[in-house]
Amino acid sequence: MPLSEQEQRLLDEMERHLMRNDADVVSASSGGGLSYRNVVYGTILVLAGIGALIVGVAMQLIVVGVLGFLAMIAGVIVAVTPAKRVGPEPERADRRPAATRTSASFMDRMNDRWDRRQEGR
């Protein structure tokens, strides 16, 4: 059963309000993310640190053990560091947050699909 015009306008208004007020939450959670390269480098560094720690303990060389431990900590930090953007973000004419733009275009596509589907009946 299709929505009336009033219901459709109310739904559109609610979507715009939600996207406008919650865009900062969406954009904050969609930041960098983990980089595969950083995870690999961090894992290698942690394994090297474990090896140095074991060698330091086995040979009773405190300095090597401490350096191994520090390498392990550095590896974990490298692994969980979010990915950096490779360049400045290109200037866009649309000043809305990215999440709002993609959601709006997604909703537009869904509405178009719905309209085409209703016309086919």
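I take a residue as buried when its relative accessible area is under 20%, as exposed when it is over 50%, and as partly exposed in between, with a 1.4 Å probe and protein chains only. The model I am reading is predicted, so local features need pLDDT of at least 70 and side-chain atom pairs count only at pLDDT 80 or more, while totals for chains, interfaces and linings use all residues. Residues are numbered from 1 along each chain as its sequence is written, and side-chain values use heavy atoms, with hydrogens and water left out.

I looked up Asn38 first, which lies in helix 2 (helices are DSSP runs of H or I with at least four residues, numbered from the N terminus). Asn38 counts as buried because its relative accessible area is 15%. Apart from neighbours within four places in sequence, I find Asn38 in contact (heavy atoms within 4.5 Å) with Val78, Ala79, Thr81 and Pro82.

I then went along helix 2, whose buried residues are Asn38, Gly42, Gly49 and Gly56, and I note that these buried residues pack against helix 3 (62-80).

I also checked the length of helix 2 (residues 36-58): its 23 residues should span 33 Å at 1.5 Å a residue, and the end C-alpha atoms are 33 Å apart, which agrees; the expected span is 1.5 Å times one less than the number of residues. Just after helix 2, Gln60 takes a positive phi of about 55°.

Last, I turned to Val63, which has its place in helix 3 and counts as exposed because its relative accessibility is 61%.

Terms used:
Helix = DSSP H or I, 4+ residues; strand = E, 2+ residues; numbered from the N terminus.
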